[in-house]
Amino acid sequence: MYEKTYPNKRYKLTLQFLKKHINTSESILDLGVKNPFSEILISEGFSVENTTGEDLDEDRSALKNSSADVVTAFEIFEHLLSPYEVLKSIKSNKIVISVPLRLWFASAYRSKTDKWDRHYHEFEDWQLDWLLEKTGWKIKDRQKWTNPVKKLGIRPILRRFTPRYYIVYAERLLNSKT
């Protein structure tokens, strides 16, 4: 996916947010295959296990079998048809999720060559908040940031001040564990 460039700003802000809420002594199950950001987490002292590329809409056994203290999902939920079921299947009591936000000036992302690299959901912040609430999670912290690009045009100008990413830290409500 990132052959020559990395989303440095997003990685930096995600790492800062994670460090604010999660200790390196807590084990992490990161939804999605091993990637450059999971390598950064490991280099920062976190104990990270990734899922192996299974379709989490169909196979949630990695969630059910995990004993991780924290589940992270960085830009994963927009690819799922049913993030509700995934959130209900998580056994840990802490979660950190980031999603790209729906932009009124850009259509949903869809790769024409990679069927896994498509967004089924383009979230607004309130939609992710509601999804977490409905599945028994309480948001403790949230943050948004922009994703400016070095191009000319109306959309690149809008990207300079329109939030593109949304990240939340949530804890499971005590009586909601499945």
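Valine 48 is buried, with a relative accessible area of 17%; buried means under 20% relative accessible area, exposed over 50%, and partly exposed in between (1.4 Å probe, protein chains only). This is a predicted model, in which local features need pLDDT of at least 70 and side-chain atom pairs count only at pLDDT 80 or more, while totals for chains, interfaces and linings use all residues. Residues are numbered from 1 along each chain as its sequence is written, and side-chain values use heavy atoms, with hydrogens and water left out.

You can find valine 48 in strand S2, residues 47-50. Helices (H or I, at least four residues) and strands (E, at least two) are DSSP runs, numbered from the N terminus. Leaving aside residues up to four places away in sequence, valine 48 touches Ile28, Asp30, Ser38, Leu41 and Ile42, where contact means heavy atoms within 4.5 Å. Threonine 24 is 24 residues from valine 48 in sequence, and the two are 9.7 Å apart in space, C-alpha to C-alpha.

## Serine 27 and strand S1

Serine 27 has its place in strand S1, residues 27-30. With 22% relative accessibility, serine 27 counts as partly exposed. Serine 27 and valine 48 are 21 residues apart in sequence, and 6.3 Å separates them in space, C-alpha to C-alpha. The residues that serine 27 touches are Ser47, Ser67, Ala68, Asp69 and Val70, again not counting residues up to four places away in sequence.

## The whole chain

Let us step back to the overall layout. The protein has 6 helices and 6 strands, and along the sequence they follow the pattern α-β-α-β-α-β-α-β-α-β-α-β. Of its 178 residues, 47% count as buried. Among contacts with a separation of 6 or more, 66% come from residues 24 or more positions apart.

## Helices H1 and H2

Two packed helices are described by the angle between their axes and the distance between the axes. Here the axes of helix H1 (residues 8-21) and helix H2 (residues 36-43) come within 11 Å and cross at roughly 45°. That makes H1 oblique to H2: angles under 35 degrees count as roughly parallel, over 145 as roughly antiparallel, 65 to 115 as roughly perpendicular and the rest as oblique. The axes are lines fitted to C-alpha atoms, for helices over the stretch in contact, and angles run from 0 to 180 degrees between N-to-C directions.

On the H1 side, Tyr11, Thr14, Leu15 and Leu18 meet Pro36, Phe37, Ile40 and Leu41 of H2. The residues of this contact divide into 7 nonpolar, 1 polar and no charged. In this count Ala, Val, Leu, Ile, Met, Phe, Trp, Tyr, Cys and Pro are nonpolar, Asp, Glu, Lys and Arg are charged, and the others, Gly among them, are polar.

Lysine 12 is also found in helix H1, and its 54% relative accessibility makes it count as exposed. Between lysine 12 and isoleucine 40 there are 9.8 Å in space, C-alpha to C-alpha, although they are 28 residues apart in sequence.

## The nonpolar cores

A nonpolar core is a set of buried Ala, Val, Leu, Ile, Met, Phe, Trp, Tyr and Cys residues joined through side-chain atoms within 4.5 Å. The largest one has 26 residues, of which Leu31, Phe77, Leu87, Ile95, Ile97, Leu128 and Leu132 touch the most other members. Two or more residues each come from strand S3 (70-74), helix H4 (83-89), strand S4 (94-100), helix H5 (125-134), strand S5 (137-145) and strand S6 (165-172). Apart from this core lies another, of 18 residues, including Phe37, Phe46, Val96 and Tyr165.

What does isoleucine 95 touch, not counting residues up to four places away in sequence? Its partners are Val71, Leu87, Ile90, Trp137, Val168, Tyr169 and Ala170.

Glutamate 75 sits in the loop between S3 and H4 and is buried, with a relative accessible area of 12%. Its phi is near 55°, a positive value in a residue other than glycine.

Proline 7 belongs to the segment before H1 and counts as buried at 17% relative accessibility. Proline 7 and asparagine 147 are 140 residues apart in sequence, yet 9.1 Å apart in space, C-alpha to C-alpha.
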